[in-house]
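Please walk through this model with me, one region at a time, keeping the sequence and the structure side by side.

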Amino acid sequence: MMKQKLKLRFTLNGEYVEVYVSPDQMLLSVIKDDLHMHGTKRGCEAGECGSCTVIMDGKAVTSCLIPAFKAQGAIVETIEGVGTPDNLHPLQKSFIENGAVQCGYCTPGMIMSAKALLDQNPNPIPEEIRTAIAGNICRCTGYVKIEKAIIEAAQELREEEAR
Amino acid sequence: MKSVGKSVKRLDAIDKVTGIGTFTTDFTLPGMLFGKVLRSPHPHARIAKIDTSRAEKFPGVKVVLTHKNTPKNLFNTSATMTFTVPQMKPVLDQRIFDDRVRYVGDEVAAIAATSEAIAKEALKLIDVEYELLPAVYDPLLAMEDSAPAIHHSHAGKNIPGDIVRIPFNSVEEGFKSSDVIVESTFKLQVQKHAQLETQAAVASVDGKGNLTVWCTTQTPHPTKMILSAALGIPNNKIRVLNPPYAGGGFGVRIGCSAKAEPIAAVLALATQKPVKVVYSREEDFIASDTRHSGYVAVKLGAKKDGTFQALDVKATLNTGAYCSFGVETPGVLGAMGLAAYNVPHRNYYGHSVYTNITPAGAFRGFGAPQGTSSIESVVDMMAEKLGIDPVELRLKNIMKVGDPWHLPFECKSTGMAECVKEGAKKIGWESRGKLKSDDPNKRRGIGMGIAAWVSNSWPFCVDYDNAYLSMHQDGSLQLSVGAPEIGCGSGTSLAQLAADTLGVPFEAIDVTQGDTAMTPFSIGSHASRTLYATGTAVVAAAENLKQEILKYAAETFDIPLDNLDIVGANIVKVDNTVVISVNDLAVKAHLLDRQFIGVGQTIPSNASPMQAHFAEVEVDLTTGKVDVIKIVAAHDVGKAINPAIVEGQIEGGALMGVGYAISEEVVYDDKGKQQNYNYHYYLLPTAADRPEIEAIIVESNDPTGPFGAKGVGETGMIPTGAAILNAVTNAIGVRPKELPLSGEKMFKLLKENNLFVS
Amino acid sequence: MIREYVLSKTIEEAVGILTKNNGNAMVVSGGTDLAVDLRSESVKTEVLVDVTRIEGLKGITFDDGDVIIGASATMSEISTDERIKTSVSSLAKAAGSVGSVQIRNVATMAGNIVKAQPVADSSVMLVALGAEITIRGTHELKDILVQDAYITVGKSVVDPRKEIITKIKFKKPQKNQGTSFVRLSQRKALATPVINVGAMVSVKDNTIEWARIAMAPVDVKPVRATEAENFLIGKIPTENVFKEAGSLAVNNAKPVTHLVWGSKEYKLAVLPSLVARSLQEAIDEIETKGGMS
């Protein structure tokens with residue numbers, strides 16, 4: 001069962017990464033099992049829950065469905081690259097302040113989908129927000145506070161931009 | 001200064017928004033092996049032969065376990081086996097592996113190997129010869145004499161445990177004195193928790209043979225006891241804990257449903273290596289507990305003026321292949337189903353039935369969504385028959401403080417009337433019956449439903465709790481409770497209770513939860529109980545600690561005890577002069593050989609949170625599709641300790657209720673195979689599907705609750721289905737009697753009533 | 001077992017690898033089904049040939065009345081393309097109905113055609129648009145109608161072990177032509193439709209010149225409602241005509257019961273009104289464009 005591994009190079013959260021992976025491996029497995037970054041969650045491995053969402057070349061993708069080699073040369077961002085406890089991203093702050101976090105398992109993926117949206121569209125209408133996170137299942141919150149958190153983070157980011 | 005009543009930021013939030021927080025599926029240990037489970041492809045069969053030799057030889061495989069080489073102790077994966085009230089006998093009907101399988105997905109064998117891929121590959125090399133047995137899927141059919149016996153049972157064919165009977169005065173008399181009687185039977189579907197983190201466990205054994213299990217359970221202490229019974233190992237040699245987070249629960253983790261914990265444990269014991277078992281989404285769907293489906297019959301009698309005379313409820317639930325809360329769920333359905341109204345004559349008769357589908361167990365609302373959907377439909381039928389407005393009819397009959405109750409605790413507080421009135425106002429009740437859709441083929445309607453619920457497990461299960469609140473040597477505080485944080489924000493709310501009781505800032509407290517080696521016993525986070533039941537223990541611990549500290553200060557500074565208090569960072573006199581800072585006192589005490597430890601041990605009473613839900617819907621007559629436009633959820637929570645957390649519970653519960661009402665259903669084919677085994681086939685609501693949800697908090701300040709609080713973890717789920725059922729009836733003029741109100745089911749109903757437009 | 005994952009740079013290279021491996025190599029486009037297929041072991045191959053980095057397969061072009069969609073254009077690119085949204089909003093809507101943002105960001109229409117699930121939203125719409133695909137293998141370039149690309153459920157005439165789709169092409173709807181896409185599903189995202197319908201209608205002198213109606217899942221492939229189409233020719237577009245056409249659409253439908261996505265009876269019952277609605281929306285679009293005189 002020893003699989004042949006090939007070299008994969010990409011940029012992860014601003015750092016150059018070189019890792020040997022199997023040709024049938026998915027990006028989620030590279031991030032979690034090889035690079036031991038556990039912020040990205042494994043929820044269904046079928047692209048149906050969004051827990052494993054990362055941003056690849058500016059677009060939100062479910063990393064469980066991305067063959068790892070599709071990331072060859074790509075720029076990949078995970079929740080670890082969004083902010084740290086001392087330097088939280090406005091989305092992270094807004095999720096905390098709005099009570100948008102419950103069990104927390106969907107939260108990293110949800111924030112990545114929201115970030116991909118706001119990176120492209122700084123002033124989304126509620127319907128655009130719902131579309132952007134419709135691929136991220138949350139079973140705890142009813143999405144009410146998540147949507148509010150994203151709206152407020154967008155506003156904060158726009159104000160930051162204006163300053 | 002005071003934190004109770006404020007939406008302080010959750011203690012676990014930074015961990016979760018940064019991805020730093022660890023869940024079981026993230027958890028790794030050096031040298032760890034991976035476990036995979038072989039599951040039955042048949043709904044009912046005897047394992048005639050099982051040969052593991054080919055699998056054992058597969059490179060990387062460390063052990064293969066089956067019923068032949070694992071302990072045969074009987075147990076129950078639901079925590080109820082550890083806290084069934086003494087007058088009843090727990091139903092023990094499961095083994096780690098058995099020589100018989102009872103549903104498609106039942107555990108047959110497990111492999112530990114050096115990688116998940118190897119373990120999965122080796123599963124194919126286990127040769128099993130099944131001797132097929134007849135299977136039955138419907139609870140009514142399963143009670144017939146000709147049905148196969150799925151387990152031994154004494155109360156009736158395939159009925160687990162005992163039948164629940166709740167008589168209260170005489171319904172016969174009540175119906176005799178009624179002017180109007182309405183009755184109907186409702187069919188309820190299987191719902192699945194579909195929590196985001198699948199069932200998972202990592203087990204490790206140390207040199208002393210002590211077992212540690214990091215897992216997704218919402219009841220670490222009871223799960224320790226279940227493992228102890230299953231493995232024949234004393235309680236003190238098993239440590240169960242979350243790592244520290246669990247990705248949702250909703251009841252499916254009250255114990256060790258689907259057996260990830262015991263299987264990881266036996267694999268670790270057999271290999272003497274850490275073993276990780278993470279169920280796939282499909283395994284989680286087909287093998288972990290579901291909500292009980294079944295039939296609920298309701299008969300209601302009333303005087304012409306609307307005064308209820310008699311309420312008779314009968315439930316027959318499908319508990320599936322094993323009895324996971326199969327006695328308690330029908331019990332709570334009845335006991336709490338009868339509790340919302342002051343009806344002079346009440347009666348309930350209910351039980352569950354074994355069948356060959358996935359075991360049904362605890363799920364948010366624990367029988368109440370089934371009961372409430374049915375009872376509240378009949379209440380609306382009564383309103384219609386009497387020509388009384390549904391809001392008025394309910395206000396006339398709802399339980400009030402001091403009214404006679406069939407429950408062993410008194411109704412000491414209720415904000416139900418306010419919930420009904422506020423909710424009606426917010427949904428625009430006065431427009432009911434006058435709503436018009438822009439589309440001529442669509443009909444709009446408004447409906448409501450109410451329910452009374454619980455704040456802990458008693459009297460249905462044993463319920464008591466403990467808390468330690470200890471002061472570190474620098475004056476900072478450690479709260480330690482056995483109930484884990486499964487997402488409801490219990491740690492934060494409990495810290496608020498401790499801080500305010502003690503008089504210190506919220507920030508001074510850190511919380512340890514759900515670790516059997518580090519926390520005192522608790523039956524866990526479920527039954528809407530953590531804030532209320534664990535909360536009473538936390539308040540007691542804080543009061544105890546406060547006395548310890550103030551007594552020490554009184555002696556040390558020679559000041560009368562009743563002249564001292566803790567305010568913020570300081571010990572102060574009644575005139576507010578500072579005696580010493582709390583921190584300095586802790587240091588002083590430490591150097592003089594003393595730590596302050598507060599212990600709280602409480603046996604909580606119970607208190608009913610009350611809730612009224614309202615729904616506005618639109619029904620498309622050309623497709624049968626029901627669109628839920630708005631939910632107003634008014635909840636008497638006693639006291640909102642942390643309003644943002646309370647709202648979050650209500651909103652999340654309400655959306656789960658919308659799913660229950662219109663789209664969520666697990667169906668089985670005629671061979672017992674589950675058809676909705678992933679998020680694609682299981683239609684829970686996405687962000688694009690959510691209606692407007694308005695949560696209204698009503699505070700009745702229950703005298704038994706910590707700071708007046710009652711439970712709120714499950715209540716958002718309970719009357720949502722009822723409100724939607726009644727709204728749909730209001731929209732189309734015909735009453736559905738089966739959930740969910742999917743396009744398909746609505747199409748059939750519309751067609752039968754010549755309302756379908758093609 | 002997979003031993004190689006190739007990110008091809010040119011069409012020639014990709015075809016060369018397929019040919020060299022003689023059935024043991026397979027094309028990957030968005031790859032959204034690959035993880036699931038590999039886990040269920042329904043795909044067995046040694047070499048995966050990723051074609052999404054081939055320049056010639058990228059992008060969307062409007063060329064002399066033709067709309068050309070590169071084989072590696074994603075559902076997101078198509079559903080958000082301003083030109084598509086303006087001139088073929090039905091296709092933008094169909095592409096935007098697929099799965100979720102994350103899926104649409106990688107999934108391609110070409111991939112959907114090869115996977116040959118009859119219910120695929122974009123494929124149904126492409127059939128209504130009369131779209132063609134260009135296939136490249138060891139053979140010369142070959143153009144076929146999307147509608148003819150299906151053999152049965154999950155099996156396309158395009159063999160991903162031998163050939164690749166290079167582009168999808170259809171005529172840009174004229175001023176007197178309208179298109180629409182309607183879909184009944186049990187929830188608003190991540191859902192296979194109960195029924196989806198794509199329609200294209202061409203009018204002349206205020207009467208229907210011709211119509212193309214594609215519907216699914218009512219057979220093993222997206223199906224044309226030919227009886228309804230024939231009926232519509234020469235008719236003045238009215239609500240009653242659309243209703244009649246909707247009823248006729250049932251004659252081309254042979255749905256089967258699915259325990260999750262709906263019974264045969266239910267699908268047949270909702271089909272007429274969905275077809276009628278699709279026709280109405282197509283005509284509405286022509287009116288909006290000023291295509292009715």
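Predicted model: local features only at pLDDT ≥ 70, side-chain atom pairs only at ≥ 80, totals over all residues.

H10(B) covers residues 328–337 and H11(B) covers residues 368–386, and the two pack with their axes 8 Å apart at an angle of about 40 degrees. On the side of H10(B), the contact is made by B:Val332, B:Leu333, B:Met336 and B:Gly337, while H11(B) contributes B:Ala368, B:Gln370, B:Gly371, B:Thr372 and B:Ile375. Sorted by class, the residues of this contact are five nonpolar and four polar, with no charged residue.

We turn next to the place where chain C meets chain A. This contact takes 24 residues from chain C and 26 residues from chain A. On the side of chain C that touches chain A, strand S1 (4–7), helix H2 (34–39), strand S3 and helix H6 (101–104) of chain C each supply at least two residues, and the largest share, four residues, comes from H2(C). By class, that side of chain C has 14 nonpolar, six polar and four charged residues.

C:Gly56 lies in the loop that runs between strand S3 (47–50) and strand S4 (60–63) of chain C. Is C:Gly56 exposed, partly exposed or buried? C:Gly56 counts as partly exposed, because 16 C-beta neighbours lie inside 10 Å. From C:Gly56 to C:Ala120 the separation is 64 residues in sequence and 25 Å in space, taken C-alpha to C-alpha.

Key:
Residues numbered from 1 in each chain as written. Chains lettered and ligands numbered in written order. Buried ≥ 20, exposed ≤ 12 C-beta atoms within 10 Å, placed from the backbone. Contact = placed C-beta atoms within 7 Å. Nonpolar A, V, L, I, M, F, W, Y, C, P; charged D, E, K, R; others polar. Axes fitted to C-alpha atoms, helices over the stretch in contact; angles between N-to-C directions.
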